[in-house]
Amino acid sequence: MRRLWLIFSQAVTISVAAIFVISTLRPDWLGSGTSGVAPTVVALREAVSPSPVASETHAGSYAPAARRALPAVVHIYTSKQTRASRNPFMDDPVFRHFFGDRLGNQLERQAAGLGSGVIVSPDGYILTNNHVIETADEIEVALNDGRKFEAVIVGRDPESDLAVLRIKAGDELPSITLAPGDSLAVGDVVLAIGNPFGVGQTVTMGIVSALGRSHLGINTFENFIQTDAAINPGNSGGALVDADGNLVGVNAAIYSRSGGSLGIGFAIPVSLARDVMEQIISTGSVVRGWIGVEIQEITPDLADSFGLPESKGALIAGVVRGSPAERAGIKPGDVLLAIDKRDISDAQNMLEAISRLAPGSQVRFHLRRKSDERDVDVEIGRRPLLNQARK
């Protein structure tokens, strides 16, 4: 009996020791009381893809704005046939006198350009920059869905650097929503959409750095939105949209010493773009008021030399013969202070104010001539169209 007890005790001791060793070193051999092996659980942090509903309300994403605007932004490809001299001697008039054109000096070349545009109506009207298309012989528009169409020029306005194209797609096209003209403020987030360097549809983000930028020497009529959203060559004519995807401007120019974005870009505000676009669509051109004067900024030095109490207003530096200004008695040296009881702050302000006046209308101008102030009535003329090409 004693011997059996010793054998049993040894067996139990060995079994307990074996279970302890196994549970310590290989606990998976013991199982969990059910068939199979218990899985290893690891805690992971996974990024959750937002649902469409969550995306619409996500304050940190501008995907909804981009999604609304992208289908309405197009790529514009232009081409122009140019002639280049095959033989450098053909530029010599003496050489040409003896040999004429027998050497076949003219070589046909095709220059290509690219830019962007914005579909502003479902029936195919597209707003872009004048400098994108002004020298083109052929214009091709590529939509966001890959379709391509030949475009015709409805009209263009070199002085604001805007142009309107039209394509016929046979169905309604996705068009952008125009924002109210006074909806922007400095510090608002904006997205620039276009085709920079021809790489394809691109969205960049920034803020409105300034409003009402003028005196830049880019266009005759300037009232630019300044933004630090990256604008590069090829973005011209593309859309500048707000955080809701509404059009607030047309990308037009950059300040750059290298050709790339330096964080200073300029866009034509939607208020000006809309006015120009509607006139072009209805009449084919833009009608502006004109009185026929050359104007100059009044600097503090000029104000002192003319004996002016302040530098506000616009100095009349010259008067065109036979112009409305000459007929009204305006003379060089006069200072324009107000138009129709609206103060004129500087020369650019005067140019814009006169351009908004209807040709044929009678408007009262308030002038300072030497030490006297007087009113003259001017019959507004029509501003001559600028047909020269942009350099």
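Which backbone nitrogen does a side-chain oxygen of D346 reach at the start of α9? The legends below take up this and other close-up views of a predicted model.

**View 1. The start of helix α9 and the side-chain oxygen of D346.** In this predicted model, a side-chain oxygen of D346 comes to within 3.3 Å of the backbone nitrogen of Q348, at the start of α9. Q348 is itself one of the buried residues of this helix.

**View 2. Helix α9 and the strands against which its buried residues pack.** The helix, which spans residues 347–355, is mostly covered, with seven of its nine residues buried. The buried positions are A347, Q348, M350, E352, A353, I354 and S355. Together, the buried residues of α9 pack against β14 (289–290) and β15 (293–296), and also against β16 (314–319), β17 (335–339) and β19 (362–369).

**View 3. The largest pocket and its lining.** About 300 Å³ of space lies in this pocket, and 14 residues form the lining, with L272, D275, E352, S355 and R356 lying nearest the centre. Two helices, α6 (270–283) and α9 (347–355), each supply at least two residues of the lining, and α6 gives the largest share, namely five residues. By residue class, the lining of the largest pocket divides into five nonpolar, four polar and five charged residues.

**View 4. G284 in the loop between α6 and β14.** Is G284 buried or partly exposed? The relative accessible area of G284 is 31%, so this glycine counts as partly exposed. When residues up to four places away in sequence are left out, G284 touches V154, G155 and Q279. The C-alpha atom of G284 is separated by 9.4 Å from that of I153, although these two residues are 131 residues apart along the chain.

**View 5. The aromatic pair formed by F224 and F266.** By the rule applied here, the count comes to one aromatic pair. The ring centres of F224 and F266 are 5.8 Å apart and the ring planes stand at 55 degrees, so the pair is classed as tilted. Because F224 lies in strand β10 (residues 224–227) and F266 in strand β13 (residues 265–269), the pair ties together parts of the chain that are 42 residues apart in sequence. F224 is buried, with a relative accessible area of 1%, and F266 is likewise buried, with a relative accessible area of 7%.

Methods. Residues are numbered from 1 along each chain as its sequence is written. This is a predicted model: local features need pLDDT of at least 70, side-chain atom pairs count only at pLDDT 80 or more; totals for chains, interfaces and linings use all residues. Side-chain values use heavy atoms; hydrogens and water are left out. On a 1 Å grid over the protein atoms alone, a cavity is a set of points where a 1.4 Å probe fits but cannot get out, and a pocket is an open set with protein on both sides within 12 Å along at least five of seven lines; lining residues have an atom within 4 Å of a point. Grid points are joined across faces, edges and corners, and a volume is the space filled by probe spheres set on the points. Helices (H or I, at least four residues) and strands (E, at least two) are DSSP runs, numbered from the N terminus. Ala, Val, Leu, Ile, Met, Phe, Trp, Tyr, Cys and Pro count as nonpolar, Asp, Glu, Lys and Arg as charged, and the others, Gly among them, as polar. Buried means under 20% relative accessible area, exposed over 50%, partly exposed in between (1.4 Å probe, protein chains only). Contact means heavy atoms within 4.5 Å. A polar contact is a pair of N or O atoms within 3.5 Å; within protein, one must be able to donate a hydrogen and the other to accept it, and residues adjacent in sequence count only if both atoms are side-chain atoms. Rings of Phe, Tyr and Trp (its six-membered ring) pair if their centres lie within 6.5 Å; planes under 30 degrees apart count as stacked, over 60 as edge-to-face and the rest as tilted.
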